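Please view the sequence and the model together with the notes below.

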Amino acid sequence: MLRFTSLASGSSGNATLVEARSGEDERPTRLLVDCGLTLRRLTAALAQRGCTPADLDAVFALEGEIVAKDSATRTVRVEVNGRRYYVKRYAGLGKKPLRRWFATPRVQLEWENLGHFADWGIPTAHLVGHGLESRGGRFLRGVLITAEI
């Protein structure tokens with residue numbers, strides 16, 4: 001069973017929750033699409049549907065062609081219904097371990113920059129989804145999903 005739920009739609013942000021479940025007893029696979037909500041709004045909207053941002057592990061399990069990797073990121077190209085997407089996952093300490101505690105996470109800087117570039121009319125990949133996970137103020141992991149140009 002595949003279920004699409006609009007969490008928000010409008011000028012203050014968009015988000016769609018996609019859930020796939022093959023059996024009633026099986027835990028669903030969840031994916032957020034075009035999420036432009038604040039974490040507070042997203043968490044509240046997900047809670048109304050009985051899930052949390054931590055339930056969105058499917059994006060970290062996606063397999064595809066590895067197109068780039070370094071000490072903190074891995075980018076894979078995946079194809080869904082004939083369209084290609086780039087999924088860039090951020091995890092690990094990277095070269096600047098203190099960044100986990102004291103700085104804006106790199107994934108957040110990158111998705112904000114993509115938004116600025118689009119606002120300024122600079123051609124860039126369309127941001128399909130993004131997010132990060134932190135615990136106790138410490139960055140754990142994040143993801144940036146863009147459509148292939």
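What pLDDT does the chain average? The chain of this predicted model averages a pLDDT (the predictor's confidence in each residue, from 0 to 100) of 77, and 76% of the residues score at least 70. Residues are numbered from 1 along each chain as its sequence is written, and side-chain values use heavy atoms, without hydrogens and water. Local features need pLDDT of at least 70, side-chain atom pairs count only at pLDDT 80 or more, and totals for chains, interfaces and linings use all residues.

**Confidence by element**
- Helices (H or I, at least four residues) and strands (E, at least two) are DSSP runs, numbered from the N terminus.
- Where pLDDT is low, the predicted coordinates should not be read in detail.

**Nonpolar core**
- A nonpolar core is a set of buried Ala, Val, Leu, Ile, Met, Phe, Trp, Tyr and Cys residues joined through side-chain atoms within 4.5 Å.
- Nine residues make up the largest one, including Val59, Tyr85, Val128 and Ile145.
- Strands E5 (73–80), E6 (83–91) and E8 (138–147) each supply at least two of its residues, and E8 gives the largest share, three.

- Thr146, in strand E8, counts as buried because its relative accessibility is 11%; buried means under 20% relative accessible area, exposed over 50%, partly exposed in between (1.4 Å probe, protein chains only).
- Trp120 lies in the loop between helix H4 (106–119) and strand E7 (127–135), and counts as exposed because its relative accessibility is 59%.
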